[in-house]
Amino acid sequence: MIPIKTPDEILAMRKACRVAAVILDRVCALVAPGVSTYELDQAAKGFMDELGAVSACYNYQVGRLRFPGYTCISVNEEVVHGIPSLKRVIRPGDIVSVDVTVRVDGFVGDNARTVLVEPVAAEIRKLCEVTEESLYLAIEKARAGNRVCDISQAVEKHVSKHRFGIVRKFVGHGVGRGLHEEPQIPNYGKEVKNLLKPGMTLAIEPMINLGTHDVVDSGDGWTYVTRDRRASAHYEHTVLITDGDPEILTKAG
Ligand code: MF3
Ligand code: CO
Ligand code: CO
């Protein structure tokens with residue numbers, strides 16, 4: 001069952017998502033050469049404390065593993081779930097995917113963005129542009145009466161034109177009281193036929209690779225990297241299905 005949020009729950013989602021967006025903006029503004037991903041994560045924790053939010057990533061459990069960071073920060077060949085580290089120091093030419101997921105008053109907001117640290121190679125810039133474009137094309141399909149696969153197809157169609165690799169191992173998802181609710185939202189294919197209805201809140205998140213779509217565990221149990229070690233981009237918004245246009249909940253403004 002895909003949860004339908006009540007009007008009160010929607011108000012709570014708006015609040016959690018706005019906080020998630022403000023924190024993402026603030027962390028992204030700190031991305032610069034010489035800064036470690038650990039420092040970015042510590043800054044994020046400070047913003048969460050200030051704004052009355054708690055990280056939905058910290059201690060997130062998969063099997064016996066618990067995620068040790070407050071945010072996920074994935075650099076270059078890292079696709080998602082990068083563990084912030086003092087050893088990962090940002091350099092010119094890097095792309096840095098920051099994923100901020102917070103809980104406020106019991107509801108979760110989830111958003112991510114890839115920051116370009118200039119000078120970025122032209123093909124990698126293109127990768128980021130196309131990935132962000134694919135997110136907005138997908139959001140455009142997040143309408144009552146459409147199906148989940150209309151979102152998937154919007155990403156796939158746009159990305160395929162540019163021959164980039166669409167990550168298959170990870171997918172978007174419903175979000176609300178839980179970080180990962182039904183439905184799963186692949187960025188490819190036509191399989192997920194669920195009808196979209198007003199009151200659903202969905203995290204739409206294309207993860208797109210310069211080369212192969214294939215990803216491998218880097219060895220720490222969390223950080224996934226591209227098999228060919230070429231760059232990967234990630235953009236994510238939490239969106240509300242309404243009777244009319246989709247409402248992007250993770251907007252800072
Ligand atoms: N924010 C991620 C998502 O978009 C989830 C991160 S869970 C973590 O679904 F444990 F890896 F942090
Ligand atoms: Co996320
Ligand atoms: Co997500």
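For the linings below, Ala, Val, Leu, Ile, Met, Phe, Trp, Tyr, Cys and Pro count as nonpolar, Asp, Glu, Lys and Arg as charged, and the others, Gly among them, as polar. This is a predicted model, where local features need pLDDT of at least 70, side-chain atom pairs count only at pLDDT 80 or more, and totals for chains, interfaces and linings use all residues. Residues are numbered from 1 along each chain as its sequence is written, chains are lettered from A and ligands numbered from 1 in the order in which they are written, and side-chain values use heavy atoms, with hydrogens and water left out.

**View 1. The largest pocket, with a volume of about 560 Å³.** Of its 27 lining residues, Tyr60, His81, Phe170, Val171 and His180 sit closest to the centre. A pocket here is an open set of points on a 1 Å grid over the protein atoms alone, with protein on both sides within 12 Å along at least five of seven lines; a lining residue has an atom within 4 Å of a point. Points are joined across faces, edges and corners, and the volume is the space filled by probe spheres set on them. By class, the lining splits into 13 nonpolar, eight polar and six charged residues. Strands β6, β9 (172–174) and β10 (181–185) each put in at least two residues, and β10 gives the most, with four. Helices (H or I, at least four residues) and strands (E, at least two) are DSSP runs, numbered from the N terminus.

**View 2. His81, in the loop between β5 and β6.** Its phi is near 60°, a positive value in a residue other than glycine. His81 counts as partly exposed, at 25% relative accessibility; buried means under 20% relative accessible area, exposed over 50%, and partly exposed in between (1.4 Å probe, protein chains only). Asp105 lies in the loop between β6 and β7 and is exposed, at 60%.

**View 3. The largest cavity, about 30 Å³.** A cavity is a set of grid points where a 1.4 Å probe fits but cannot get out, and the count comes to one of 30 Å³ or more. Cys72, Ser74, Val79, Val80, His81, Ser97, Asp99 and His234 line it. Strands β4, β5 (78–80) and β6 each give two or more residues to that lining. Three of the lining residues are nonpolar, four polar and one charged.

**View 4. The second largest pocket, about 160 Å³.** Here the lining is Leu137, Glu140, Lys141, Asp150, Gln153, Ala154, Lys157, His158 and Lys161. The class tally is two nonpolar, two polar and five charged.

**View 5. The largest nonpolar core, 38 residues in all.** Ile23, Val31, Val96, Val98 and Val102 touch the most other members. The elements giving two or more residues are α1 (7–30), α2 (37–51), β4 (72–75), β6 (95–104) and β7, and α1 has the largest share, eleven residues. Apart from this core lies another, of 33 residues, among them Ile95, Leu196, Ile208 and Tyr235. To count as a core, buried Ala, Val, Leu, Ile, Met, Phe, Trp, Tyr and Cys residues must be joined through side-chain atoms within 4.5 Å.

**View 6. Asn111, in strand β7 (residues 107–116).** This residue is buried, with a relative accessible area of 1%. Leaving aside neighbours within four places in sequence, Asn111 is in contact (heavy atoms within 4.5 Å) with Ala20, Ala21, Leu24, Val98, Asp99, Val100, Glu236, His237 and Thr250.

**View 7. Arg66 and Trp222, 156 residues apart along the chain.** Their C-alpha atoms are separated by 9.1 Å. Arg66, in strand β3 (residues 65–66), is partly exposed at 46%. Beyond four places in sequence, the contacts of Arg66 are Asn59, Tyr60, Gln61 and Trp222.

**View 8. Two cis peptide bonds, Glu118 to Pro119 and Glu182 to Pro183.** Omega is near 0° for the bond into Pro119 and likewise near 0° for the bond into Pro183. Pro119 lies in the loop between β7 and α3, while Pro183 is in strand β10.

**View 9. Cys28, a buried cysteine at 10%.** Its sulfur is too far for a bond, because the closest cysteine sulfur, in Cys128, is 12 Å away. Disulfides need two cysteine sulfur atoms within 2.5 Å, and the whole structure has zero.
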